[in-house]
Amino acid sequence: MKLTPLFYCWLLLVTSQSLSAQANEQIWITFRVDVDKLRVRAAPDKNAKVVAELPEDTQLKYLNATAGNWDEIELRGKKHKARWYKVEEVGTPVTGWVYGGAVVLSSVYFEGPESFPALRHDFVEMEQIADEIYDKAKAAFADQMVYDTIDYQLNDSTILLKFDDGSKKELTGSSEPEESYANYTYLGRLPGAHQYFVQAIYYEDMDITMYDTRNGAELSIDFGEIPRLSPDSRWLAAGFQNPYEEDSGIQLYINLPKKVAEFARITLPGSDCTDLCWDNSGNLYFKYRLWSEERNVVKYYRLKIPER
């Protein structure tokens, strides 16, 4: 078979995108199917053979290859302009190409700890920055949290939340020792995201729970901190720590018209990711700490979910 110049251009595009998306094997990316009956194709083209159809929310492992033109396709009444990505369905042998407008970022895992390569991808960007850049962003960030504790914290361990639909929720702590111990603290609310925030401390555990001010719907953040709302009110981001797995990172939430939903988790093995802040361009800044017996490492990073 004679290979045309067009084929070589396609091959170069695939290769360059693979290298720019993941410079080495320190980064793993997964997508989540965002439409029903996603067609996985044998090649990066909307007319290529269909090798599988996958339901919404299926997890896909990105295989480090991006190709094709920026095709414009309408999905669920909305026009998308995206490229094609080679993926494998998690837990199955299904492999092929999917259209980028039909999937969203699900997770990014950096192998470490301590040093993480810069990431440039259509779905996510992250890079290490100088502490002066972080300090400037931190100083300019406006915290949108309303600290109205007196309206909801009835006493040291009891909280009464009131929701727009007329319902209420009372959280009462317990001073019983060991496994039965629980203490609740009201942290505040984010009007732009319609969320209350409550911290619960247990005998050997803790979490922060978001309660939707409209209807009481709950989302829990294990070993995390209060989420920070982006200036455009589209994103919430919280640092998390998992002391049992020695993992830390950033949990992203998307502020939808009727609810806040989990979006993607960025995992950075190490001690913790703290002191989050946003700028007006949609960049998220955070501090990464790695504690060890030999020394303590503090680095600063900037993260962005590009508009697509």
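A cavity is a set of grid points where a 1.4 Å probe fits but cannot get out.

**View 1. Overall fold of the predicted model.** The protein is built from two helices and 23 strands. Of its 308 residues, 48% count as buried. Contacts between residues at least 6 apart in sequence include a 51% share that joins residues at least 24 apart.

View 2. One cavity of 30 Å³ or more is found when the whole structure is searched. The volume of the largest cavity is about 50 Å³. Its lining comprises Trp235, Leu252, Trp278, Gly282, Leu284, Leu303, Lys304 and Ile305. By class, the lining holds six nonpolar residues, one polar residue and one charged residue.

**View 3. The largest nonpolar core and the surroundings of Leu105.** The largest nonpolar core contains 53 residues, and Leu105, Ile250 and Phe286 have the most contacts inside it. With residues up to four places away in sequence set aside, Leu105 touches Ile29, Thr30, Phe31, Phe123, Val124, Phe263, Ala264, Ile266 and Ile305.

**View 4. The largest core and a second, separate core.** Alongside the core of 53 residues, a separate core of 15 residues is present. Among the members of this second core are Met210, Leu219, Ile221 and Val260.

Note on methods:
Residues numbered from 1 in each chain as written. Predicted model: local features only at pLDDT ≥ 70, side-chain atom pairs only at ≥ 80, totals over all residues. Heavy atoms only, no water. 1 Å grid on protein atoms, 1.4 Å probe; cavity = no way out; pocket = protein on both sides within 12 Å on 5 of 7 lines; lining within 4 Å. Points joined across faces, edges and corners; volume = space filled by probe spheres on them. Nonpolar A, V, L, I, M, F, W, Y, C, P; charged D, E, K, R; others polar. Core = buried A, V, L, I, M, F, W, Y, C linked by side-chain atoms within 4.5 Å. Buried < 20%, exposed > 50% of the residue type's maximum accessible area, 1.4 Å probe, protein only. Contact = heavy atoms within 4.5 Å. Helix = DSSP H or I, 4+ residues; strand = E, 2+ residues; numbered from the N terminus.
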